[in-house]
Number of protein chains: 2
Amino acid sequence: MDLVNLVIIIACVSLFYALFLFVKVKSQSAGNERMQEISSKIREGAIVYLKRQYKSVSIFFGTIFLIMIALSFCGIIGKFMPYSFLLGGLLSGISGYIGMRMATMANVRTTEAARKSLVKALDISFSAGSIIGFVVVGVGLSGIGICYYLLKQHLIHMDTAYNIESILGEVITNLLTFGMGVSAMSLFARVGGGIFTKAADVGADLVGKIEMGIPEDDPKNPAVIADNVGDNVGDVAGMGADLFESYVNSIISCSALALGSGFGESGVILPFLLAAVGIVASIIGSFFVKTREDAGQPQLLFTLRKGIYLSNILMCVFSFFLIKNIFPNNLNLFFSIFFGQICGMAIGYCTEYFTSSAYRPTKELSRSTKTGAGTVVISGLSLGMLSAFLPVIIVSACILISFFSSGGRIVTDFQIFSKGLYGISLAAVGMLSTLGITVATDAYGPIADNAGGIAEMSGLTEEVRKRTDMLDSLGNTTAATGKGFAIGSAGLTSLALVAAYINQAKMINPSQIFDLSIINPCVLIGLFVGASLPFLFSAFTMSSVGKAAMDVVCEVRRQFKEIKGLMEGKADPDYQSCVDICTKASVRQMLVPALIGVVSPLAMSLFLGVSGVSGMLVGATVSGAVLALTMSNAGGAWDNSKKYIESGHFGGKKSENHKAAVVGDTVGDPFKDTSGPAINILIKLLAMVSIVFVSIAVSGSLF
Amino acid sequence: MDLVNLVIIIACVSLFYALFLFVKVKSQSAGNERMQEISSKIREGAIVYLKRQYKSVSIFFGTIFLIMIALSFCGIIGKFMPYSFLLGGLLSGISGYIGMRMATMANVRTTEAARKSLVKALDISFSAGSIIGFVVVGVGLSGIGICYYLLKQHLIHMDTAYNIESILGEVITNLLTFGMGVSAMSLFARVGGGIFTKAADVGADLVGKIEMGIPEDDPKNPAVIADNVGDNVGDVAGMGADLFESYVNSIISCSALALGSGFGESGVILPFLLAAVGIVASIIGSFFVKTREDAGQPQLLFTLRKGIYLSNILMCVFSFFLIKNIFPNNLNLFFSIFFGQICGMAIGYCTEYFTSSAYRPTKELSRSTKTGAGTVVISGLSLGMLSAFLPVIIVSACILISFFSSGGRIVTDFQIFSKGLYGISLAAVGMLSTLGITVATDAYGPIADNAGGIAEMSGLTEEVRKRTDMLDSLGNTTAATGKGFAIGSAGLTSLALVAAYINQAKMINPSQIFDLSIINPCVLIGLFVGASLPFLFSAFTMSSVGKAAMDVVCEVRRQFKEIKGLMEGKADPDYQSCVDICTKASVRQMLVPALIGVVSPLAMSLFLGVSGVSGMLVGATVSGAVLALTMSNAGGAWDNSKKYIESGHFGGKKSENHKAAVVGDTVGDPFKDTSGPAINILIKLLAMVSIVFVSIAVSGSLF
């Protein structure tokens, strides 16, 4: 049997497992009328948003598709590539949509479950998270597998000479184009969702919490529904699309390097197989996430960790036997995968250390609230910048180890050199292979958060809210692991993509020598411009959040002023208007940042050719990784330091210290949920666009 | 006559001109008793600080010196190098000390002059600024010139074979070591001064302005003297040392590339000569800075700009004739210099556009105060990140143009390739050649600021304060030009230093081929680690400011609480204790950031050798330049947006908007005066240390 069929089957198993979980969650009670009413408002808001977003995005995709069709007629790109691009975007969109539907279905059921017990609430929210996780990996892997299988079969039938190398080359080019579609769609989902959720959150907090002094999720706050919609479209759909992208592109970039490094067809499908056994490992691991009713924070954390650890240990074992069967003479490849997993976890620990209020950095940050908002912001930024260093060292170690253990040597023979690059990309696949369960532990957090919001708005007892809060705050810690995997893999994947880019350029014009020395002025300029792109991108995304938030703030203030009896609870606020403002603002503002990812590789290709583009990709990767780590971790630390104060430290809620901490959290919101994670997608989108349009750089550049 | 003698003579002319201005300023009246008393307190504080700083620094320098002596005995480095290192540090320290003494002498005289007229006040403060400017360039150029002359003569006498190339090679190695001393000392001055000034400033503002509601420079504020001391040790001495470093190292890095690119001895001394004619141009330009009594902001700005423009036009003419005489066959070298100047100015304009309240970005930033401190911080960061893009494009254009116009081509022949790198370094020299007048327009600002502080504390009339404020706020605008030159040149100089580094490595082991391709994992890791270093450095410097500021805040709060009658003006605060806290904190905290600059090149040399170090230097340059631009410009914009609100927009002083703007300004303080500008020095220090200890990387590395 063709091994790719096995991959497709396992991907389908993942989807069926998700379906099974769906039936289970769906059958739960959705609570009383008030709860269902609120939940349906949230769901409707999210659906309206996604509809509008997909409408705008489809214009973008349509335009690029038409351009690609034109280019394929001119012979600049392959004839299947426009469709691969479209398919990638479509699948990413579908997985985001399913994620959002699952989250909005599960939130109210989690609330209802939390009325009964903590065990039940964890079960429902984690099951819903698992649905999202297994949909992400299932859709991703089956997409890649089917794409690969069909194209290969078709080309074999077409090509009478039957040259497997050239056929695989064309298949891979199409997979990379598929990856470009995924990156583009995911960037939209992450940026759009991020702007929505943070605009609503900032707007709700600034006026509600600080100015009017009402608690979080108070139904009197006009932005409260928008805030909860945001959790679903940003923290669930956006995050899902983000990790979908990391997953798919780590696999594709690894396949793309297999031929150039002499690993042949087995090397091409090895990442598929790794992903497939990773799914099996994740499913088994997820069975072990169960807890006792009297569980405290530590036990809950242990429960979740147990699932993740078990999956990773299983993955280790599976991957060893996989390598032993496929590459019995290259057993060292296993170490690339193994160290990828280790590094992902290590980065996760760093993230946790710097962002959890259980450790010194965030405690110190909380202490800095004593001297006001200014010092909180300074300390948080400094914490974020500091936190980026260790992960960089870890990724560096991973690069070095996986390069050499896969047989790479720093020699002029490009094939031997490329073996090392293949190893680097394997490490990224290893890191992300257990994504199913990682997403589950990541996604259940916002679901629990939403459940808490619904509990608050429906006026349920304190007990319910306490249970959901416990799940939510734990989600922040486990999400750190997910972020570690996402950021670490982004660095490795995007380096692999640079190598894939150079491979593709060499394929187009084998006689041309590309000078990639770092003192070549074209490479240098590329590095400079590349390093500035993540900053430019963050500038746009953050100012979008700022602008959208300002609109929300003005609207909420207006409602408090104009709607008589609102503060006394005698009149209802107009939730819909806030949702509308967020929707419009985020859909409008997501375009420019996305264009950066498409336009800059094309411009660089035209001006400085392959060496300029390579420099730009590396520059964007290194500065982007550091900036993303800085922003994500600073944001996480601010968030947790605010929660730490709210739990009664340094004066507790409503103190001056708390106000200062809220300012830090406000700054951190776009950091950790809009700009920071989207940078990871940006750097891969840059690479994907460069690869797809590589012929422009090879033959059409100015210098 | 040897042309180097001419260079030394012109450098001395610069010093004599400074002496002439000193006599003129010194002869002015120092005002009434109260003014003199305050002024002497500021001076004493500054002297105490510098003494302590120099004591700590001398331990650092002593240690490195001894290590270098040991290494020179082992033959790893040359025998004159330890002394060159020491001399560089000494001269940088001297120029900082003189700058500070001049500023503390001139501040009170400017206040006194402002009691009479604006013309007089501009005259005194600008003269004092000019003293600092011409001392910086005079000391710098004479140091290089004398060092070069003496070493060359000595080596000619020693070397009986008289091989001019190898003699010049050794001289240049020593000049580079001299440059390392300059960088190290300047980093200490910038970081230490930056921590001092911002801790005092933040401390004074947070408690005085926000909590107690007293105006800036109110003598009731216990941190007010420390704040004014800070202006002198940070904004004057620190800034002076910073630009001293840029100036000296742009010249040295250019000389270092001359031999490898075939420009010979004339190429080595060309940058000296350019600097010399730049001094002449600056002196002439400075004569034209005069204004009328009824001058408004626009006329004043025009007056200052007239001086800068005139100097630059003269510089253009001079440099053209210089090139025509020295390199009649390479007239295109002129374009490298010319475009260097143009780019410096263009970056200055960008800075001005993004940071001056006359333009949209800062106005928009001021508007964002309406929704509180959180959005101000988000908008400011986003503004800063956006502002970095255009300068990067300008520097990129400058790299491209100066590379090709100096005869460089992207070919494997390293000499032809190096011609281009020499051109890039010439552009940096061109940018900084008129530094004399640039420093003058940069340094007069803090002097006027101090003069205003003295006026406020001595209870002089509103009229006096208004005049000094006018000069001060103008200083912010002209300082933008200075920053443009500093940042632009830092990027170019540090690229030149990377090239110099590779040259030196090749000299040590000509047979070894260094793989500098960006997909070499050692280079990649270097780039990754290098990109994270500016963030790590900023993390430490910012947290230092945060910690020191917190100490000041607690002390000021304590005094307001414990000293009876302080708020009513019946009792005097204890100024000295705040000065002490700042001094101790800054001296203690400046060590770790400086160690980053020394330790990381050594560690990288040991681990990954020449390719790792090269990657690290380039990574630090590109991410550092972008981060420095972001931080400096965000800080400038916050500062000016606060001033804009204070001048009556968006609610004016004491409004909620103003409070939000003050938070932004507080965050911006360490951005623009501590971390941001110090990054420029860091990236050059990294390169200098790498170059001096290059033999470790060539022969002693692990990979």
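The structure is a predicted model, in which chain A is built from 20 helices and zero strands. In this model, 75 residues of chain A are in contact with 75 residues of chain B, and a search over all chains finds 46 salt bridges.

**Chain A as a whole**

- The C-alpha trace of chain A spans about 80 × 50 × 45 Å along its principal axes.
- A compact globule of 703 residues would have a radius of gyration near 27 Å, and the value of 24 Å for chain A agrees with this.
- Buried residues make up 69% of the 703 residues in chain A.
- Of the contacts in chain A with a separation of 6 or more, 83% are between residues 24 or more positions apart.

**The interface between chain A and chain B**

- The size of an interface is often given as the accessible area lost when the parts come together.
- For chain A and chain B the buried area is about 6700 Å², and carbon and sulfur atoms give 89% of it.
- Several helices give two or more residues to the side of chain A that touches chain B, among them H11 (373–387), H15 (462–508), H16 (521–562) and H18 (591–646).
- The largest share of that side, 21 residues, comes from H16(A).
- Sorted by class, the side of chain A that touches chain B has 54 nonpolar, 18 polar and three charged residues.

**Two residues with partners in the other chain**

- Leu524(B) lies in helix H16 of chain B and counts as buried, because its relative accessibility of 2% is under the 20% cut-off.
- Apart from residues up to four places away in sequence, Leu524(B) touches Leu495(A) and Val618(A) in chain A, together with Ile518(B) and Ile519(B) in chain B.
- Asn520(A) is placed in the loop between H15 and H16 of chain A, and at 1% relative accessibility Asn520(A) is also buried.
- Leaving aside neighbours within four places in sequence, Asn520(A) is in contact with Asp515(A) and Ser611(A), and with Ile410(B) and Phe417(B) from chain B.

**A buried threonine in chain B**

- Thr674(B) lies in helix H19 of chain B, where it is buried with a relative accessible area of 0%.
- The side chain of Thr674(B) reaches the backbone oxygen of Gly194(B) at 3.1 Å.
- Beyond its neighbours within four places in sequence, Thr674(B) has contacts that include Val191(B), Ile195(B), Thr541(B) and Val545(B).

**Salt bridges**

- Asp123(B) and Lys24(B) meet through their side chains in a salt bridge of 3.2 Å, N to O.
- Asp123(B) belongs to helix H4 and Lys24(B) to helix H1 of chain B, so this pair ties together parts that are 99 residues apart in sequence.
- Glu562(B) and Arg558(B) form a salt bridge in which the closest N and O atoms are 2.8 Å apart, and both lie in helix H16 of chain B, four residues apart, about one turn of the helix.
- Glu562(B) is partly exposed at 48% relative accessible area, and Arg558(B) is partly exposed at 32%.
- In chain A, salt bridges that share partners join Lys198(A), Asp201(A), Asp639(A), Lys643(A), Asp669(A), Lys672(A) and Asp673(A) into one network.
- The side chains of Asp673(A) and Lys672(A) meet in a salt bridge of 3.3 Å, N to O; Asp673(A) is buried with a relative accessible area of 11%, and Lys672(A) is buried with 7%.

Methods. Residues are numbered from 1 along each chain as its sequence is written. Chains are lettered from A and ligands numbered from 1 in the order in which they are written. This is a predicted model: local features need pLDDT of at least 70, side-chain atom pairs count only at pLDDT 80 or more; totals for chains, interfaces and linings use all residues. Side-chain values use heavy atoms; hydrogens and water are left out. Contact means heavy atoms within 4.5 Å. Buried area is the accessible area (1.4 Å probe) that two parts lose on being put together, summed over both. Ala, Val, Leu, Ile, Met, Phe, Trp, Tyr, Cys and Pro count as nonpolar, Asp, Glu, Lys and Arg as charged, and the others, Gly among them, as polar. Buried means under 20% relative accessible area, exposed over 50%, partly exposed in between (1.4 Å probe, protein chains only). A polar contact is a pair of N or O atoms within 3.5 Å; within protein, one must be able to donate a hydrogen and the other to accept it, and residues adjacent in sequence count only if both atoms are side-chain atoms. The radius of gyration is taken over C-alpha atoms; the globule rule is 2.2 Å times the number of residues to the power 0.38. A salt bridge is a side-chain nitrogen of Lys or Arg within 4 Å of a carboxyl oxygen of Asp or Glu.
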